[in-house]
Amino acid sequence: MSATLFPEDTTAAPTGYWIFGRFFRAIGRLTLQTFGRLGAFVLFLRDFGRSLGEPGTYLPLTVAQMRQIGVDSIPLVATVSAFIGAVTAYQTTYQLFPGVQFSVVGWITRQSIVLELGPLLTALVLAGRVGAKMTAEIGTMRVTEQIDALETLAYDTVAYLMVPRFIGGVTMVPLLTVVAIAVGILAGGFAVVVATNVRLADYTAGLHLTFNTFQVWYALIKATLFGGAIALICSYEGFIT
């Protein structure tokens, strides 16, 4: 038989060159997608900064967003903070070894809640409750073409939809953090006084130990940044749905 009648099998296993080619193409696509999304977000930030110059559009809606983000979230934030404060104080007492003064319970509880747990857990709770709501609301408006209708009516959609949420986030998350810190410290004191041998005077003395006002400002700065990030990212994800 002639060799041309039976060509060689072309279904052999992929060569190393073919495998590496697919790998680098995948890396290239991922890189382009990443920088494409980053560029789109930067353009959104540009539009957001420009929209701040239209207070007549976003100020009438800001109070409603502040109520939804802040006032409506107080019960959930207070509940979570109470449990966290009680657990932190109780576990700190449980870990103490003989000879350590009980005032350290108040100090550790204050440091944990003020510097880390208060701002962080408040932001996590709001990211789940408020952030998801922002994304769902704006995403639904995008899918049902309500945002297109606003643009047709010459509305600045960024100023109308996102700036009020951003202002509500950066103003109400710090206030909610103050509530979370207060409730957490009070709940921690109640838990250790009721369930352990720590006296209220020892716990209070620990709260005053090495305290300075910068710790509170530090927590408020973190909460402000968290609030702005939640509002911007969640609103943007809904806007590009």
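A residue is called buried when its relative accessible area is under 20%, exposed when the value is over 50%, and partly exposed in between (1.4 Å probe, protein chains only). On that scale, buried residues make up 38% of the 241 residues in the protein chain. The model is a predicted one: local features need pLDDT of at least 70, side-chain atom pairs count only at pLDDT 80 or more, and totals for chains, interfaces and linings use all residues. Residues are numbered from 1 along each chain as its sequence is written, and side-chain values use heavy atoms, with hydrogens and water left out.

The protein chain holds eight helices and zero strands, and its pattern along the sequence is α-α-α-α-α-α-α-α. The radius of gyration is 27 Å, well over the 18 Å that the globule rule gives for 241 residues, so the protein chain is more spread out than a compact globule. This radius is taken over C-alpha atoms, and the globule rule is 2.2 Å times the number of residues to the power 0.38. Along the principal axes, the C-alpha atoms fill a box of roughly 100 × 60 × 30 Å. Helices (H or I, at least four residues) and strands (E, at least two) are DSSP runs, numbered from the N terminus.

Helix α2 covers residues 55–69, and at 1.5 Å a residue its 15 residues should span 21 Å; the end C-alpha atoms are 20 Å apart, which agrees. The expected span is 1.5 Å times one less than the number of residues in the helix. A kink of about 40 degrees in α2 is centred on Thr-62. A bend at a residue is the angle between axes fitted to the seven residues ending there and the seven starting there. Thr-62 is also one of the buried residues of α2, along with Thr-57, Tyr-58, Gln-65, Gln-68 and Ile-69. An α-helix has 3.6 residues a turn, so residues three or four places apart point the same way.

Helix α3 contains Ile-84, which is partly exposed, with a relative accessible area of 27%. The C-alpha atoms of Ile-84 and Phe-20 are separated by 50 Å, and the two residues lie 64 residues apart along the chain.

Helix α4 has 41 residues, which should span 60 Å at 1.5 Å a residue; its end C-alpha atoms are 56 Å apart, which agrees. α4 bends by about 50 degrees at Ile-113. Glu-137 belongs to α4 and is partly exposed at a relative accessible area of 28%. Between the C-alpha atoms of Glu-137 and Ser-81, 56 residues apart along the chain, the separation is 27 Å. Glu-145, which follows α4, has a positive phi near 65 degrees.

Two loop residues also have positive phi. Ala-154, in the loop between α5 (146–152) and α6, has a phi of about 70 degrees although it is not a glycine; Ala-154 is exposed, with a relative accessible area of 71%. Thr-210 lies in the loop between α7 (200–208) and α8, and its phi is near 55 degrees. At 52% relative accessibility, Thr-210 counts as exposed.

On a 1 Å grid over the protein atoms alone, a cavity is a set of points where a 1.4 Å probe fits but cannot get out; a pocket is an open set with protein on both sides within 12 Å along at least five of seven lines, and lining residues have an atom within 4 Å of a point. Grid points are joined across faces, edges and corners, and a volume is the space filled by probe spheres set on the points.

The largest pocket holds about 160 Å³ of space. Its lining consists of Arg-110, Val-114, Val-178, Ile-181, Ile-185, Leu-207, Phe-211, Val-216 and Leu-220. Two or more of these residues come from each of α4 (103–143), α6 (157–195) and α8 (213–239), and α6 gives the largest share, three residues. By class, the lining has eight nonpolar, no polar and one charged residues. Here Ala, Val, Leu, Ile, Met, Phe, Trp, Tyr, Cys and Pro count as nonpolar, Asp, Glu, Lys and Arg as charged, and the others, Gly among them, as polar.

There are three cavities of 30 Å³ or more, and the largest cavity has about 80 Å³ of space. Of the 13 residues that line the largest cavity, Ser-81, Leu-117, Gly-118, Leu-121 and Ala-180 are the closest to its centre. α3 (74–95), α4 and α6 each supply at least two lining residues, and α4 gives the most, with six. The lining of the largest cavity divides into eight nonpolar, five polar and no charged residues.
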